[in-house]
Amino acid sequence: MISFAWLIPLFPLLSFLVLILSGKKLKTVSGYLASLLTGISFIFTLGVIADLRSVTEYEATWTWLTIGTTDIQAGVWLNPLNGLMLFIVSFVSLLVHIYSLGYMGENDRRATYFAYLGLFTFAMLGLVMSPNLIQFYMFWELVGLGSFLLIGFYLYKESAKRAARKAFIMTRIGDAGLLVGLILIFWQTGSLSFTEIFQAVEQNEFAPGMVTLTAILLFIGAVGKSGQFPLHTWLPDAMEGPTPVSALIHAATMVAAGVYLVAAAYPLFLASEWALMIVAVIGAFTAIFAATIGLVQDDLKRVLAYSTVSQLGYMMLALGAGGYVAGMFHLTTHAFFKALLFLAAGSVILALRKQNIKEIAGEGRHLAITKWGFLAGTLAISGFPLLSGSFSKEAIFAALLEDGQYGLLGVALLTAFLTSVYMFRLYFMVFHGKGADKPPKSVPVSMKIPVIILAALAVISGFFATGFADWLAAEQEYAVLHHSPTWLIFLATLLSLGGIVFAYFIYVRKQMDREEWKTTFSSTYTILYHKYFIDEFYQNTIIYSTRAISYLMYYTERYVVETIAAFAAGMVKEIGKTGSRLQNGRVQTYGTVALLGLAVIVLIFVVRGGYF
Amino acid sequence: MGLLSLFVFSPIVGLVLISLLSNNSSPKIVQRYALIGGFIPLIVSWIVYFIYQRNNRLAENFSWFSYETDSRTLVIDYELELNGFRLALLLLTTLIVTLSILASVKDIKKNPKLFYQWLFILELGMLGVFASDNMFLFFFFFELTLIPMFFLIGKWGHVEREETAYKYLIYNGLGSAVLLIAIVAVFIQAGNANFEAVKDYMSTMDDQAYQIGVIVAFLVAFGVKLPIVPLHSWMVNVHVYAPPAVVMIHAGVLLKIGAYGLLQFGAGMFPETFPLLAVTLAVLGLINLLYGAFLALIQDDLRKVFAYASVSHMGIILLGIAGMNTAGYQGAIFQTISHGLISALLFYLVGVLINRTSTTNLEKLGGLWTTAPVLSGFFLAAALAGLGLPGMSGFVSEFMAFLGVFENLPVFGAIGIIGIILTAVYFLRAILNISFGKRKGKALDKMTDLRNLELLPAGVLLAFIILIGVYPDSLGQLLQITLETFVAGMGG
């Protein structure tokens with residue numbers, strides 16, 4: 001089976017090609033066709049994973065580009081880490097395809113939608129199987145394209161257009177870092193293949209400082225893709241896309257690709273303490289920073305978006321502190337429970353036609369399956385005992401403790417508390433209250449099944465922590481699962497439950513008046529509500545200065561370059577005038593003749609005289 | 001006459017065909033014959049390709065004239081010879097000319113007979129330029145491209161066509177004057193005009209100052225054509241005011257003569273001295289890249305955005321050359337071909353758009369997707385190709401050019417990377433502006449989408465762009481030998 005692994009991404013690609021080329025002809029069957037092809041990919045993935053239990057590593061490559069004596073390869077590379085990602089991607093993608101059958105069921109452009117989903121899935125599957133950095137980079141950009149197209153799917157909306165453009169450009173800033181990083185690595189090691197880079201790291205072939213520099217440059221790419229501070233601002237805006245897309249791309253897979261990049265290139269990061277430190281600090285800062293913003297946002301999807309940013313920060317933090325298994329495990333559980341939360345949120349939005357939680361005001365309580373599904377996801381992300389999130393978060397805390405990062409551990413614990421608060425604020429405001437009584441529009445079955453499957457995984461997947469660690473450890477010796485001492489487990493549970501209780505008293509029992517908080521801490525509230533004014537800051541610095549430079553060049557063009565042009569034209573005209581008394585206004589023609597004549601004269605002169 | 005000469009002069013068939021038509025034949029008939037005329041060089045170019053693939057060598061020469069002076073003999077022969085780079089450019093030329101004829105169908109209403117006559121002379125000139133193996137022959141064909149282009153712009157262009165044609169002529173005329181002087185200066189020294197012979201002569205010659213002087217002259221001459229900022233203002237005008245079908249050739253092929261010339265006359269004839277200009281080229285490349293990008297950012301006309309995008313993309317060619325290594329040269333050559341395809345596609349689409357809306361003003365357009373989803377899809381694809389999306393030719397070119405420049409000049413590379421961010425910004429700004437959002441402009445209401453035969457040029461160009469992007473070795477293999485000769489002569 002494993003030798004057919006290269007087929008896995010091709011089914012979704014086929015889906016893309018067929019649907020994009022057929023236009024509207026296949027509109028009605030587009031969803032089923034796309035789901036079927038993604039399903040085949042998923043089955044192949046399962047086969048490959050079954051093989052990986054005995055093979056542990058597999059590589060097949062072909063020459064893609066020859067530069068002098070260097071051959072750059074393209075192909076597939078499979079190891080436990082890639083296999084895991086392959087599973088997450090094809091699985092969540094399949095569920096999102098099925099869910100979209102209902103969610104996009106009446107959209108007139110759904111063939112295009114499913115085509116884009118196919119394109120994205122193809123790129124994401126290709127990305128996680130890349131044997132080298134250049135193929136990785138190429139698919140990395142292509143997932144960005146898929147994301148861009150789907151964010152801008154509602155292309156009549158100005159906001160969608162802006163969000164799509166912003167997402168593409170912000171992530172491209174990160175990509176530039178990644179590109180420079182991989183080019184520098186190439187000149188250090190003479191190769192872009194992951195295995196050869198790791199060998200070079202092991203044998204100290206890098207020039208001094210280059211390990212740190214290249215690791216940081218790769219991390220800049222990860223920062224862009226995974227919505228880490230300071231390149232996070234595109235991710236909340238990306239919620240303009242259809243909700244299933246948010247679940248697939250902006251929660252479970254693409255945004256996790258940055259984390260995956262750090263994990264895939266882990267030996268490089270391990271070789272540099274500085275690089276690890278930066279990863280950890282950026283991760284921790286992003287985690288708490290986004291959590292505080294999440295506390296006050298009113299849009300259902302945006303709260304989830306900030307929570308995604310925050311959770312991705314957790315994963316980075318774990319990797320930066322040597323918690324390789326912890327980070328990847330959290331990536332996995334997060335993929336389940338965050339996809340669940342988004343899909344459940346999508347059901348709410350579809351049924352109620354609104355997504356401002358103040359307007360929803362508890363109306364969601366009529367949607368039974370959605371409500372329970374959302375609750376399962378909320379409990380999981382809050383780290384409620386025995387649910388998946390509690391295991392993966394605990395692993396992260398343990399890794400931090402093991403690494404001696406007490407300050408960062410404190411930040412992580414505080415973030416865990418905040419996470420409980422804002423997630424239960426969301427849950428209570430959407431599903432508890434006295435909103436309208438009339439039963440809202442019903443949710444189709446195709447949207448319920450994925451929610452149920454993901455809810456089950458969000459609840460139970462935590463119990464597989466040990467097996468998960470063993471799976472990754474088959475190949476990498478740094479794949480160690482840390483365990484927390486009892487006091488830490490106790491503390492984490494306390495914070496998680498404390499957050500839930502806190503939210504309960506504010507948003508259900510209404511013990512404290514929320515409006516009063518806003519006036520007492522008005523400046524804090526304003527800052528949080530406006531997301532620390534980061535967008536405004538970028539607008540006033542980077543965007544304005546770029547425009548200023550543009551206008552500077554514009555005037556250079558207008559006054560300097562054009563003056564030179566006018567001067568040259570004038571000069572030639574003068575020569576033309578004095579040279580030809582017979583001119584009758586057709587200066588151009590004479591100009592041509594004159595120049596050609598000049599050429600001939602010079603030539604004859606040269607050949608005759610022999611000297612110049 | 002050998003196969004190569006037959007190929008180079010094959011546009012004459014089209015020229016004769018068109019000339020035989022009566023003066024009052026309908027434009028449709030003229031276009032049909034022009035298309036037949038265009039297909040002949042296209043077919044011959046692929047025959048040449050397959051023969052070259054089999055033999056790896058295709059050349060012909062006969063003595064043209066030689067002149068005895070007191071001490072030695074000066075020789076100018078008629079020499080044509082192919083290599084991979086030249087062949088790629090020749091294939092590009094015949095393809096784009098054919099597609100340009102297809103594109104001109106709705107565009108050229110005034111005196112089509114004359115239009116196509118000039119077009120075939122232009123094609124003849126371009127084929128000659130890329131097939132010559134000799135400086136004077138090159139110059140002869142180079143001059144031959146100047147005149148038809150002048151009339152194509154001046155007679156069939158838009159709004160400011162006459163000023164543009166005149167400006168075009170002045171810049172290019174001065175450029176070719178410099179070129180001629182430099183060629184003569186080399187010829188006098190080497191006593192031969194053949195590229196290979198000059199190269200051999202120069203490798204035995206020690207006068208470095210002289211060599212640098214000549215290279216700088218070539219840099220100026222081809223810098224006008226490429227163009228290098230600040231010699232670019234003519235080319236922006238041509239992009240904006242020439243008919244789109246002509247711009248396809250102008251941006252797709254003619255500007256490439258600048259890149260080709262720089263590599264052939266610089267790296268090809270002075271492999272030892274040329275690398276001394278690495279930093280100069282890198283600086284010029286950066287200026288082009290960033291100057292063009294920043295200006296493209298604030299233009300309010302689609303054609304101007306694409307014009308400055310061309311300026312910016314030419315910067316990548318310069319940066320690649322500045323790498324002075326295989327990766328860089330290969331990147332520059334890839335970018336030459338890739339930009340030819342992409343800008344031809346962009347201006348083909350512009351032509352389609354103007355045809356229907358009579359405007360390319362960004363503020364007057366919007367929501368193109370509502371009435372023309374296929375056209376806006378192609379626009380988006382072309383813009384993505386332009387901004388260097390992987391899987392398309394632009395990415396491979398940029399990647400190799402940057403790879404090349406980073407080996408020796410990492411700081412320049414790092415600054416240049418800003419360019420790839422800006423490229424994304426201006427392309428997306430322009431394309432999203434016209435295709436996304438609410439519909440704007442009355443012309444768009446009853447606009448028809450791309451259909452039937454109109455899809456062909458866009459589809460063919462996009463297919464080549466994707467082919468090179470997905471499997472770059474398809475082009476790369478053709479270039480290996482050329483690259484080796486460029487790099488092999490480099491000292492240390």
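Predicted model: local features only at pLDDT ≥ 70, side-chain atom pairs only at ≥ 80, totals over all residues.
**Entry 1: chain B as a whole**

I began with chain B and looked up its make-up. Chain B holds 20 helices and two strands. Along the principal axes, its C-alpha atoms fill a box of roughly 75 × 60 × 45 Å. I then checked the radius of gyration: chain B has 22 Å, which agrees with the value near 23 Å that a compact globule of 492 residues would have. Of the 492 residues in chain B, 64% are buried. I also looked at how far along the sequence the contacts reach. Taking contacts in chain B between residues at least 6 apart in sequence, I found that 80% join residues at least 24 apart.

**Entry 2: a helix pair in chain B**

Next I picked out helix 4 (residues 84-103) and helix 20 (residues 473-488) of chain B. Their axes are 7 Å apart, and the two helices pack at an angle of about 140 degrees. Helix 4 of chain B is therefore oblique to helix 20 of chain B. I noted who meets whom: from helix 4 of chain B come Gly84(B), Phe85(B), Leu87(B) and Ala88(B). Their partners in helix 20 of chain B are Leu475(B), Leu478(B), Leu479(B), Gln480(B), Ile481(B) and Thr482(B). Sorted by class, this contact has seven nonpolar and three polar residues, with no charged ones.

**Entry 3: Leu169(B)**

Is Leu169(B) buried or exposed? Leu169(B) counts as buried because it has 25 C-beta neighbours inside 10 Å, and 20 or more are needed for that label.

**Entry 4: Tyr103(A)**

Over to chain A, where I found Tyr103(A) in helix 3 (residues 80-103). Tyr103(A) has 27 C-beta neighbours inside 10 Å, so it counts as buried. What does Tyr103(A) touch, leaving aside its neighbours within four places in sequence? I listed Pro242(A), Thr243(A), Pro244(A), Gly346(A), Leu350(A) and Met447(A). Ala50(A) is 53 residues from Tyr103(A) in sequence, and I read 33 Å between their C-alpha atoms.

**Entry 5: what UniProt lists**

I turned to the record for domains. For chain A, an unreviewed UniProt entry places "NADH-Ubiquinone oxidoreductase (complex I) chain 5 N-terminal" at residues 64-114. In the model, that stretch of chain A is 57% helix and 25% strand, with its end C-alpha atoms 29 Å apart.

UniProt (unreviewed entry) also lists "NADH:quinone oxidoreductase/Mrp antiporter transmembrane" at residues 130-419 of chain A. I get 77% helix and 0% strand there, and 34 Å between the end C-alpha atoms. For chain B, UniProt (unreviewed entry) gives a domain called "NADH:quinone oxidoreductase/Mrp antiporter transmembrane" at residues 132-420. That span of chain B is 80% helix and 0% strand, and its end C-alpha atoms lie 35 Å apart.

**Entry 6: where A meets B**

Last, I looked at the contact between the chains. Chain A gives 54 residues to the contact, and chain B gives 55. On the chain A side, at least two residues each come from strand 1 (58-67), helix 5 (133-151), helix 6 (158-189), helix 25 (534-579) and helix 26 (587-609). By class, I noted 37 nonpolar, nine polar and eight charged residues on the side of chain A that touches chain B.

Key. Residues numbered from 1 in each chain as written. Chains lettered and ligands numbered in written order. Contact = placed C-beta atoms within 7 Å. Helix = DSSP H or I, 4+ residues; strand = E, 2+ residues; numbered from the N terminus. Nonpolar A, V, L, I, M, F, W, Y, C, P; charged D, E, K, R; others polar. UniProt positions renumbered as here; feature names shortened; annotations may be inferred. Axes fitted to C-alpha atoms, helices over the stretch in contact; angles between N-to-C directions. Parallel < 35°, antiparallel > 145°, perpendicular 65-115°, else oblique. Rg over C-alpha atoms; globule rule 2.2 N^0.38 Å. Buried ≥ 20, exposed ≤ 12 C-beta atoms within 10 Å, placed from the backbone.
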